[in-house]
Amino acid sequence: MKKFIFSRLLQSVVVVWIVYTVTFWLLMATPGDPFIGKKQPPPAVLAALRRDYHLNQGDFHAYLAYGWQILAHGDFGPTISYANWTVLDVIRNSLPVSVALGAMALLIALWLGVAAGVLGAVYRGRWPDVALAVGTLLGISLPTFVIGSGLLMLFAVETSLLPSGGWGSIEQLILPACTLSVLFLAYLARLSRASALDVISSDFIRTARAKGLSPMKVIAGHVLPNASIPVLAFLGPATASVLTGSFIVEKIFAIPGLGEVFVNACLDKDIPLVLGIVLVYTVLLVLMNLLVDIACAFADPRIRL
Amino acid sequence: MPMAPMETRHAIKSPFRLERCRIELLGHGLNCRKRGNGVSLSAMRQTLLIPSLVLLIVGSICFYVSTPHRQGADAISFCEAGQIHTLDPDKMTWMQDIRVATGLWEGLAQLNPKTLQPVPGVAKSWKISHDGLRYTFNLRHNARWSNGRSVTTADFLFAWKRILQPSTAGGYVTMLFHIAGAKDYFNSLAAGRHAAFGSVGIQAPTPYKLVVTLTHPCAYFLSLMAFPPFFPLNPDAMAKFRSHGQSPAHYNPRWTRPPYLVSDGPYYLAAWKFHQYLELRPNKYYWDRQAVKCPVLYVRNFPDSQSAFLAYQSGAVNVLSFVPTLFAPALLRQQRQHLRDDVHYRQVFGSYYYNINCRHKPLNNPLIRRALDMAIDKRAIVKHILRLPDRTLEVLVPPDSIPGYVSPRGLAMNIPAARKLLIKAGYPGGRGLPVFKFLTNSGAAINIRIAQAIAEMWRQNLGVRVNIHQEESKIFNQDVVQGNYDIARAGWYGDYMDPTTWLDLYRTGNPNNLTGFSNPRLNALLHAASRQADVARRFALLHQAEKLLVTRWMPSIPLFQYSDGLMYNPRRIGGISTNVRMITLLKYIHWIHHAVPQAAEAGR
């Protein structure tokens, strides 16, 4: 087990390093200069700015300098667009917004998704099941900006039941959280329906029934632990992707989360900020997958291969 | 351990490939024809309880941490057009940063909110020598920092020395170059040579007397004293943020964040929530404390103007520092029909124009540049595309904004004359001219529509063809600075009330000279004006320079003067005065007294 965890950790470090490298060189390849604005300062001021952001001695020097800074200080230093805030400050302030939104979206997805999936399994082949199939297909195939704009039109513009955007109250959270949850809800509904059906029809359940266990005991003791493994396994990567997937939702509903900051950082070519946010998302994604892998390895010894 | 079915194991093994496993699982589920028992909902709920609880707790904590705290009913919420980029007065260049800075700090002078004329600030009086070169400021003894300490000349010396370090990277450092020796000091340091700050024309004979010597008379030097690069800084408060082993310019940028920021203006910074709001509260040590009547001022920002406008409509924001362009025509119509009275719209000291790259053939020929200008129907653009009461421009400096300065007459639209100019230049009917690279920046949708209309006018009226390129602002700026264009969109807001804020853009060697235009006669006129202490004579020289620029040389095609505005209910909010430079002095904003109970109602 120790060996398994160690090797997975090592792999994760390599993944993070590759992501840092690729992001850095992609950023360098994009056109535009972060320091050139509408009004031009004297050349000496521009030179000082470039030096402050390690951009005065060539790209490779910057690559090493930023890499060293993150290793030595755990921070990329001040951002370019918001010079009074370091990358870590920005993430510390904006990530909770995205996390709160993501957690609410996942909560909605988890409950409604599993409920819908179980409903589908119970009424297999009948109309609730068909409705579920159609609904999940729509949920998976419709892009977030269509769902978001649709909900916005319906609940904020046409009926004024809910606020159209912003951050600060529970009402403002409802529409974006619902929009963000749709995709995960659809996945979870399919997943839980399929795995419930799957487990119910397997051999060991028949054995358990043959032993004379009551239907309730069969489900609680045998079906559910096995059927919920894929749902739980899904939650790990879903947590990471609900955070990374909230960019568009944050833009539509004017939410001051990390996604909104990230989009603007890319447009401003704010090198340290883009690197920082990409790395945070990478670490989150890798960490979630690692945790799920370790949890699953505990649950099923055959996975540690 | 019960065996997991085959497909489920796939799902566990490769959580990265959710897509595939889900399809497999689904297929398995659909192919399954064996009838199973119903799944118990209550049991399912129990295994979901732990992840749900975790999500709920994490979500709630994050939500609580990230939401702005409830603002009191007496607070005024002021919405800015953009994010606050920095609160370091030496580094700021953005309008919204400068506006907040004038609420937090006070320089030697402050501006009269209506006339924008300099009035005493930290300096209670000043004396200017006859040749206009020596300014003696007498500081008031009761000017204090927000920590109670007196503001003295040492604070000004500290701040001015700091911005003159090239490594401070002060965006507006060139404004200090009016001071004798400042430019040489800056350039020496930039070249890595040693320079003594004593060589700069700033002396402080006593803690309350500051003598500044200029290189040449500067008509607007006093108004610069109300501008952030000239604000004092508190050395003691900043000392603990000094980076060791670095030049005097290096401070940890955290010094501008509450509770560390110490300022000497009407307000102090009580809180700053990144990307959400700043909380300003009256500085109890401020010498003019009784003039500050707003108990709490929130400076807020929204990711886009539509959501800001919705927040304003719902009452969450009391003052909007802009009129959203999308709604502006409709809002102004309602205002005209007396359906609303909260749109405060006006001409401002800014203009929208096109730069022409004067470095290369054939656009280095002023005849072609003039022809391009005369073939544009500017009135049609303002009327049909902008649909706003903006004024068309034939000159560079927005007319009637500077007292005493008379604008020259520019060229009017004249298509036959424009065609003749092209013939004279050797390109009859546009034949022989290349397709010009016409650069515009994305962001505002209006830019591309104006560009398309003008391209069509040029094609129809002159036979001149252009290729429109729309670029993201960072790429656009880089291309314009590097001269990688033929014709490019431009906009400029005056930094001080003087024609040179525009005319200097065409001076040889100015980093902001984006057209590459260079003319010894213009340089001589600008130089002569900078040496002229007499206001009327100086303006006459500048008038002549502008006249030559807009009637003969035409390095830029002026299109229209910007309008901008504020939105607030004039029966509830007072102390906001409209002026051409969009300078809203936060100091004077207040509730109109009888409106407070009503406001409190709305707050609840």
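Which residue caps the N-terminal end of α17(B)? N519(B) does, with a side-chain oxygen 2.8 Å from the backbone nitrogen of R521(B). A polar contact here is a pair of N or O atoms within 3.5 Å; within protein, one must be able to donate a hydrogen and the other to accept it, and residues adjacent in sequence count only if both atoms are side-chain atoms.

The model is predicted: local features need pLDDT of at least 70 and side-chain atom pairs pLDDT 80 or more, while totals for chains, interfaces and linings use all residues. Residues are numbered from 1 along each chain as its sequence is written, chains are lettered from A and ligands numbered from 1 in the order in which they are written, and side-chain values use heavy atoms, without hydrogens and water.

**Chain B overall.** Chain B has 19 helices and 19 strands, taken as DSSP runs numbered from the N terminus (helices H or I, at least four residues; strands E, at least two). Of its 604 residues, 57% are buried, meaning under 20% relative accessible area, with exposed over 50% and partly exposed in between (1.4 Å probe, protein chains only). Among the contacts in chain B (heavy atoms within 4.5 Å) with a separation of 6 or more, 68% are between residues 24 or more positions apart.

**Helix α17(B).** This helix covers residues 520-531. Its 12 residues should span 16 Å at 1.5 Å a residue, and the end C-alpha atoms are 17 Å apart, which agrees; the expected span is 1.5 Å times one less than the number of residues. L522(B), L525(B), L526(B), A529(B) and S530(B) are buried. They cover an arc of only 135 degrees around the axis, so they lie on the same side of α17(B); the arc is that of the directions from the helix axis to the C-beta atoms. The buried residues of α17(B) pack against α16 (500-503) and α18 (535-553) of chain B.

**Strands.** Two strands pair if DSSP finds at least two bridges between them. The pairings of these strands are tabulated below.

| Strands | Sense | Bridges |
|---|---|---|
| β12(B) and β17(B) | antiparallel | 10 bridges |
| β12(B) and β16(B) | antiparallel | seven bridges |
| β1(B) and β10(B) | parallel | four bridges |
| β9(B) and β10(B) | antiparallel | four bridges |

Q347(B) stands opposite S563(B) in β17(B), and S351(B) opposite W492(B) in β16(B). For β10(B), S77(B) stands opposite Y298(B), and L278(B) has V299(B) as its bridge partner.

**Aromatic pairs.** Rings of Phe, Tyr and Trp (its six-membered ring) pair if their centres lie within 6.5 Å; planes under 30 degrees apart count as stacked, over 60 as edge-to-face and the rest as tilted. The count comes to 42 aromatic pairs over all chains. W85(A) and W272(B) form an edge-to-face pair, 4.9 Å centre to centre with 85 degrees between the planes. W85(A) lies in the loop between α3 (59-73) and α4 (87-122) of chain A and W272(B) in strand β8 (residues 267-273) of chain B, so the pair joins two chains. Both W85(A) and W272(B) are buried.
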